[in-house]
Amino acid sequence: MTSPDTSTPPTADPVAARLMVLAGLFGAVAVAAGAFASHGLATMRGPNAVDLWKTASQYQMVHALGILALVGLRRALPAQGRWLAASGLFFAIGCLLFPGALYALGWYGPSAMGAVAPIGGLCFILGWLLAGIAGLRSQR
């Protein structure tokens, strides 16, 4: 006779679940925007808009994947969960501001949105730095 499995399943991580939802949404938008940039935007808005949308979708996809990676890192480095969650938050804000500004600039042309893109870029940088801090702190 075998004994029943008495191991308990890992506890749910609501932050990780939210990060996964955001990663899925940002990834889907990145694919859709990149596809539209490649197959229809040029006739509507011109080649500059295509370049802006391709750049935006590329950054958005990279950071959507980064957010997804943070989910696994939270499990691997639970003591660094807060740093990794903060990194994910900055990636998410960056995914709204940086690509969002580039999408708007490509669609509407020059506007005040041009000033928003650097803030989104700064959020991406801070997110990477926070992930690095989590790595440094895990070595202690």
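I looked up R74 first: at 13% relative accessibility, R74 counts as buried (under 20% relative accessible area; exposed is over 50%, partly exposed in between, with a 1.4 Å probe and protein chains only). The model is predicted, so I took local features only at pLDDT of at least 70 and side-chain atom pairs only at pLDDT 80 or more, while totals for chains, interfaces and linings use all residues. Numbering runs from 1 along each chain as its sequence is written, and side-chain values use heavy atoms, without hydrogens and water.

Salt bridge. I looked for a side-chain nitrogen of Lys or Arg within 4 Å of a carboxyl oxygen of Asp or Glu, and the count came to one. D13 pairs with R74, with the closest N and O atoms 2.9 Å apart. D13 lies in the segment before α1 (14–39) and R74 in helix α3, so the pair ties together parts 61 residues apart in sequence. D13 is partly exposed, at a relative accessible area of 27%.

Helix α5. I took helices as DSSP runs of H or I, at least four residues, numbered from the N terminus. The 22 residues of α5 (117–138) should span 32 Å at 1.5 Å a residue, and the end C-alpha atoms are 32 Å apart, which agrees; the expected span is 1.5 Å times one less than the number of residues. Buried residues in α5 include G120, F124, G127 and L130. Among what covers the buried residues of α5 are α3 (47–76) and α4 (81–108).

L122. I found L122 in α5, partly exposed at 47% relative accessibility.

Terms used: Helices (H or I, at least four residues) and strands (E, at least two) are DSSP runs, numbered from the N terminus. Contact means heavy atoms within 4.5 Å.
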